[in-house]
Amino acid sequence: MKNQSVDIAILGGGMVGLTLAYQLKERYSDLKIIIIDKEKELGCHSSGRNSGVLHAGIYYPPATLKAQVCVQGARRLRAWCESESIQVFSCGKVIAPQALELDNQLEILLERGKSNGARAQLIDENEFHDLLPHGRTASGRALYSPDTCVVKPMLVLQCLEKRLRERGVIFNLGCRVSSIFSNSRSLTLNKCSGANHQLFYGHLFNATGLQSDRVAQAFGLAENYTMLPFKGMYWQLDPKAPFSFTTNLYPVPDLNVPFLGIHITPSPDGTVSLGPTAIPAWGRENYRGLKGVEPNMAAQFVGDLASQWLRNAGGFRQYAKEQAFHGFKPLFLKAAQALVPDLRSEHLIPSQKVGIRAQLYDRSSGAMVQDFCLEHGNSSTHILNAISPAFTASFALADLIIDSSKFNTC
């Protein structure tokens, strides 16, 4: 069996794993770094299926990790994309109440945004319709974020991979971890270049997204956590529809649950997406039909959902009432019509875009985790719940993770 030694091993080649490698190289250029991913290409899961919206930092309570890194992270990612000639669509975002009783939430979001360093302002109905002629605000007011923009996620991932390879970062793609030996700081890898080999590392970063809780548990950590995967499905606006959008339009979200609701997102390529849903997925990679279904996980998921329903943890009954069944087109359309009243079923065409949210669930409290979560082990750091705005905040989040990790090298 071949042996290999590195200073840093990163499991997971998504946005968090790539920016971790990038920022480590910025600080310590001589580090020998390897990125390991079970897929043969990057972007097969959450990062490549991301909406590409660079969020402004409005939603997050000021004391959270999300609030600490979102605004700065968005600025840094935008500047990096522009330096790499990756198109950035500066479209802004409007958050509108889809019901009159949600209007008072605008002040809460405005204060959060100001506390987090985001630019945001309340606008009246005339200003709203100047930005969104076909949109609707139930109260005549909305919140405008001028700095929100949109990029194409796969272009970002591909450019990061290219730059990391240029700086000597090793990529082992299509490679699975078969054994973990945390005491000896080693992994057994298989299906790597057709042969098994033993990898010794100085420090390991677990950035495996949908599998991050399982990896952390193999290191004896995160025992109370599990992943509840939620499927995000989209529709596209038919180009023949009698209206278009050049600004993001979002509903006022239920701040008790970590989902933003059905929204409208224009893309740099001119397409307009509506979504995503937040419906239970029956496997961590159950993107379509029965493919990727995990029966044991699905059964446990049902139990966890039932527990949340009984406790009404985090307003879960309201979530179930409003969002859990948006996989059915008529219910999806109804939710979208709260923001775009003239939208009709024939205006929605199927989209190939579908993602799964790696939502962390804390069984000890019976609630979904709202913030990023870091677990530290013996020469290892585990990034759990790397959900939105992890893509947006990735560069700043990488620095936060590095600063919190006392890592060794071989």
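What percentage of the 410 residues in the protein chain is buried? Buried residues make up 57% of the chain, where buried means under 20% relative accessible area, exposed means over 50%, and partly exposed lies in between (1.4 Å probe, protein chains only). The model is predicted: local features need pLDDT of at least 70 and side-chain atom pairs count only at pLDDT 80 or more, while totals for chains, interfaces and linings use all residues. Residues are numbered from 1 along each chain as its sequence is written, and side-chain values use heavy atoms, with hydrogens and water left out.

The overall dimensions come next. For 410 residues, a compact globule would have a radius of gyration near 22 Å, and the 21 Å of the protein chain agrees with this; the radius is taken over C-alpha atoms, and the globule rule is 2.2 Å times the number of residues to the power 0.38. Along the principal axes, the C-alpha atoms fill a box of roughly 65 × 50 × 40 Å. The accessible surface comes to about 17,000 Å², and carbon and sulfur atoms hold 50% of that area; these areas come from the Shrake-Rupley method with a 1.4 Å probe, and for residues only the protein chains shown count as cover. The chain carries 41 positive and 35 negative side chains, and the centres of the two sets lie 6 Å apart. Here Lys and Arg count as positive and Asp and Glu as negative, without His and the chain ends, and each charge is placed at NZ of Lys, CZ of Arg, CG of Asp or CD of Glu.

The protein chain contains 10 helices and 21 strands, which are DSSP runs numbered from the N terminus (helices H or I, at least four residues; strands E, at least two). Of the contacts between residues at least 6 apart in sequence, 73% join residues at least 24 apart, a contact being heavy atoms within 4.5 Å.

Beyond its neighbours within four places in sequence, Gln23 is in contact with Arg76, Phe395, Ala398, Asp399 and Ile402.

Strand β5 (residues 93-96) is buried along both faces: Lys93 and Ile95 point one way, Val94 and Ala96 point the other way, and all are buried. Two partners of β5 can be followed in turn, with strands taken to pair if DSSP finds at least two bridges between them. Strand β7 (residues 141-145) runs antiparallel to β5 and is joined to it by three bridges, and in β7 the bridge partner of Ile95 is Leu143. Strand β14 (residues 248-251) pairs with β5 in the parallel sense over four bridges, and there Ala96 has Pro251 as its bridge partner.

A separate arrangement is the open sheet of three strands in the order β3-β8-β4, with antiparallel pairing. Strands β3 (53-54) and β4 stand at the edges with a single partner strand each, so one side of each is left without a neighbour in the sheet. The pairing of β4 with strand β8 (residues 149-150) rests on two bridges, and Ser90 has Cys149 as its bridge partner in β8.

The loops hold several backbone features. Ser85, in the loop between α2 (65-83) and β4 (89-90), has phi near 60°, a positive value in a residue other than glycine. Because its relative accessibility is 71%, Ser85 counts as exposed. Ala222 also has a positive phi, near 55°, and lies in the loop between α6 (212-218) and β13 (225-237). With a relative accessible area of 7%, Ala222 is buried.

The bond from Gly275 to Pro276 has omega near -5°, and Pro276 is placed in the loop between β16 (272-275) and β17 (279-280). The bond from Ser388 to Pro389 has omega near 10°, and Pro389 lies in the loop between β21 and α10 (390-404).

Strand β21 (residues 380-384) includes Ser380. Ser380 is buried, because its relative accessible area is 1%. Not counting residues up to four places away in sequence, Ser380 touches His203, Leu204, Phe219 and Glu375.
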